[in-house]
Amino acid sequence: MSQLSNSIESSSLASGAAPAESDKTKKAQALATAESASEMAPEKIVVDNPPPEPDYPRYRVHPGRPIILANLDPNAAEDYKKKKHVEKELEKQRQRLQNLQERLYAEHKRSLLIVLQAMDTGGKDGTIKHVFGGLNPQGCQVWSFKKPSDEELNHDFLWRYHQRTPQRGMISIFNRSHYEDVLIVRVKQLVPENVWLERYHLINEFEHMLTLNNIAVIKFFLHISKDEQKRRLESRLQDPDKHWKFSSNDVKERLFWDDYQAAFEDMINNCSTAHAPWYVVPANNKWYRNLVVARAIADTLEAMNPQYPSAEKGLENIVVPD
């Protein structure tokens, strides 16, 4: 520590002002974090008779209670058996999302960041299409993150993601995200272990900062089995209309399946917080995946409770001219 820093610290401690301000700041931060955390357990706020249908809270990863991906069934679907069994409920949740998005956009005070991560063919694109397809494009943006550019590599690893976080009133969906920097860089050994290990902490701090700035953060890992990935890749090969979705690189990446599973597991266990939780969603059944994601987000938005702004005064006296 420099002499100047020592002098400032000694002066602050002597006056007693800095510690008092620090305590006040910490209390305000703790209160804001607790309020955000309560909204991230929306079933306790908006569900009359828990558990909800579908029971999305069962898939939320709680801090201090690590999960083992190999023990979680990607075929799970509760009592739902077929796609037709969820169609009505999925449409209901999509309508809720549309109405709540309008309120969020009109209120213009808060925003929502949705993170989607999965293995290749895990269903990120399909989830965006089937869950968010009815949202107003004016209030919703989707960002897909590919290989970083030279400019992006010349900044800290979070720089390019921070630029895409949602403005007030907006919903942003990250199709892949800042978590790629503890996934592919780890599996492909693009950076040393001590670098990606430190990033768990930096990501948690980043998401905490977003939360304290009125950006709610909710994250979904779409969990498929290795057999299901094989089936989906083969389906793309057999259908000429799906050839555009297939890359020979997908086959190469599949060879790293176990390494990616370990990386995803550590990512989830290290970075699921009460205020920015991870959900591990069974995703072999696409229709069930869509329903779980839609209900979890709709309930979260309802717990956030965005309100239309007050109407302009004197509207009752206005007459529209002929």
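Predicted model: local features only at pLDDT ≥ 70, side-chain atom pairs only at ≥ 80, totals over all residues.
Let's start with strand β5 and where its side chains go. I215, V217, K219, F221 and H223 point one way from β5, while A216, I218, F220 and L222 point the other way. Every one of those residues is buried, and that includes K219 and H223. As a reminder, side chains in a regular strand alternate between the two faces of the sheet. For the strand as a whole, residues 215-223, the count is 9 of 9 buried.

The mean pLDDT of the chain is 92, with 93% of its residues at 70 or more. The stretch to treat separately is residues 1-17, where pLDDT is below 50. Beyond near neighbours in sequence, that stretch has 6 contacts in the model.

Back to β5, then: which strands pair with it? One is β2, residues 111-118, which pairs with β5 in the parallel sense over 8 bridges. Another is β6, residues 278-282, also running parallel to β5 and joined to it by 5 bridges.

Now, over to a helix. α12 covers residues 257-271, so to speak our last stop. Its 15 residues reach 21 Å from first C-alpha to last, close to the 21 Å expected at 1.5 Å a residue. Which residues of α12 are buried? They are W257, Y260, Q261, A263, F264, M267, I268 and C271. Looking down the axis of α12, these buried residues fall within an arc of 165 degrees, so they line one face of the helix.

Definitions and conventions
Residues numbered from 1 in each chain as written. Heavy atoms only, no water. pLDDT = per-residue confidence, 0-100. Contact = heavy atoms within 4.5 Å. Helix = DSSP H or I, 4+ residues; strand = E, 2+ residues; numbered from the N terminus. Expected span 1.5 Å × (residues − 1). Buried < 20%, exposed > 50% of the residue type's maximum accessible area, 1.4 Å probe, protein only. Arc of directions from axis to C-beta. Pairing = 2+ DSSP bridges.
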